[in-house]
Amino acid sequence: MSAQREAGMAPTHRVLILGAGYAGMAAAIQLAARVKRRGDVHVTVVNAQERFTERLRLPMTATGQQVAELSIPKLLEGTGARFVHGWVTAVDPAAKIVRIDDERVLHYDTLVYGLGSVADTAAVPGVEDYGYTLNSAQDAEVLADQLARLGSGTVVVGGSGLTGIESAAEIAEQHPHLNVALLGRQEPGAAMNPKAKAYLQSALKRLGVQVRSGVEIVKVLPDAVELADGESVVADVFLWTSGTRVSPLAAAAGLTVDERGRIVTDAALRSVSHPQVYAVGDAAAIRQGYGVMHGTCQGGMPTGVHAAVSIVRAQEGKQPKPFRFGYYHTPVSLGRHDGVVQFTHPDDSPRRIYLTGRIAARYKEKVTASPWPTYGRMKTMPASGAFWPHGGRFTRVREAG
Ligand SMILES: Cc1cc2nc3c(=O)[nH]c(=O)nc-3n(C[C@H](O)[C@H](O)[C@H](O)COP(=O)(O)OP(=O)(O)OC[C@H]3O[C@@H](n4cnc5c(N)ncnc54)[C@H](O)[C@@H]3O)c2cc1C
């Protein structure tokens, strides 16, 4: 019998959170704040860096702009959660252990898996050799150095999704002497309503970004990219922003994953194959009434909070509630002084209302700056982080049969 049981105490429940990104941090702070006074739940957070990566600001980092240094261990101070700095190399759900940097082993009773996603550099030959990415702050800093050294020339941004658009705009604004081209399959702002999309495209034009849509990059060379029709486009610097890929650790661990390697969850965000594992953020395939959620910060943070609340409910012998989330906006910065905010229906389809110009830029900045103060508030008032739109009829999943 353990000393705890002999003393009539409940045994300690070890919760291990992998990844301190937007979702993992939300889970860690929410859980630590809720169990602080209980003493029977130990929270440990593992992350590759001590510094919190504000991914939403990586296009700023990539253009040499200063962003705040946000320390994960400092934020966790006083919460009771332990921080482990290291790289997760394996998850063993049968033994309930996780390996860090190969040689360290951490045991858990409940795992929260929030290792995020990165741009899919394997999708096109040559990207891994010659392309820059915004996968981490370090990658963004390497690109910033290269752009600062480039006296003249062409920067090609591959991928006309939101990361590509924001990056192209930021590079064009911060480095007006460089030619910037944005290449992708879809038109920039394709998911927006026609007026918002037109504004976005005119803003890119004003910044001097040459947009080419309907093109497929098939190969990246040291100084050019090749398109599907055989055309070669000069690229002194090539930034790849397209597609996402998740860590192979979940699949290697035998967890049920979707075709993109994301952990398939039940309605309560638990792995369908291993219910003692919760999956949050970009690393999770979470089905809602409108389909599987796509990776965003706005949806990722609620998943972390929900997992934390569910873990507390389980400790109290209650059933976890189903997770429901409806999108509400797509804010896009177009340099530091311009932007477009497309308000959306819960399934992420565009509504008629949108903002443009300075007010949209200020809105986007508020959104980008909001996670850190939100975590800070949650330390003392966990409920303050537990509000988000549930999506109404859009997220009601009908039971099969
Ligand atoms: C340039 C860029 C701009 C974006 N802009 C927006 C935006 O404007 N709005 C929006 O909603 N979304 C945006 N996104 C998407 C958003 O950043 C992601 O959806 C969000 O970061 C997902 O949160 P997460 O916690 O799942 O993953 P992340 O925030 O990526 O966190 C994962 C964490 O896990 C760590 N990690 C990964 N593997 C390991 C390992 N093996 N061992 C240890 N640690 C590990 C990482 O270092 C990281 O700290 C953007 C993404 C990028 C790249």
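Two strands count as paired if DSSP finds at least two bridges between them. Helices are DSSP runs of H or I with at least four residues, strands are runs of E with at least two, and both are numbered from the N terminus. By that rule β23, residues 339-344, and β24, residues 350-356, are joined by four bridges and run antiparallel. Valine 341 has leucine 355 in β24 as its bridge partner.

Before going on, the provenance. This is a predicted model, in which local features need pLDDT of at least 70, side-chain atom pairs count only at pLDDT 80 or more, and totals for chains, interfaces and linings use all residues. Residues are numbered from 1 along each chain as its sequence is written.

Now the whole chain. It holds 12 helices and 24 strands. For 401 residues a compact globule would have a radius of gyration near 21 Å, and the chain, at 22 Å, agrees with that. That radius is taken over C-alpha atoms, and the globule rule is 2.2 Å times the number of residues to the power 0.38. Along the principal axes, the C-alpha atoms fill a box of roughly 75 × 45 × 45 Å.

Of the 401 residues, 45% are buried. Buried means 20 or more other C-beta atoms within 10 Å of the residue's own, exposed means 12 or fewer, and partly exposed is in between, with C-beta atoms placed from the backbone. Contacts are pairs whose C-beta atoms, placed from the backbone, lie within 7 Å. Among contacts between residues at least 6 apart in sequence, 65% join residues at least 24 apart.

Next, the cores. A nonpolar core is a set of buried Ala, Val, Leu, Ile, Met, Phe, Trp, Tyr and Cys residues joined through C-beta atoms within 7 Å. The largest one has 61 residues, and those with the most contacts inside it are Leu18, Ala27, Ala28, Val43, Val112 and Tyr113. Helix α2, residues 22-35, gives the most to this core, with 11 residues. Leaving out residues up to four places away in sequence, alanine 28 touches Ile17, Ala20, Val43, Val45, Leu76 and Ala81. Apart from that core lies another, of 46 residues, including Val127, Ile165, Ala181 and Leu239.

On to helix α8. Which residues of α8 are buried? They are Ala196, Tyr199, Leu200, Ala203 and Leu204. These cover an arc of only 135° around the axis, so they sit on the same side of α8. The arc is that of the directions from the helix axis to the C-beta atoms. On the face turned away from the buried side are the exposed residues Pro194, Ser202 and Lys205. The buried residues pack against α7 (162-174), β10 (179-184), β11 (209-213), β22 (329-333), β23 and β24. After α8 comes glycine 208, with a positive phi near 90°.

Last, two non-glycine residues with positive phi. Lysine 96 has phi near 55° and lies in the loop between β4 (88-92) and β5 (97-100). Leucine 269 has phi of about 80° and lies in the loop between β17 (263-264) and β18 (277-279). Are they buried or exposed? Lysine 96 counts as partly exposed because it has 18 C-beta neighbours inside 10 Å. Leucine 269 has 23 inside 10 Å, so it counts as buried.

Technical notes:
Two residues are in contact if their C-beta atoms, placed from the backbone, lie within 7 Å.
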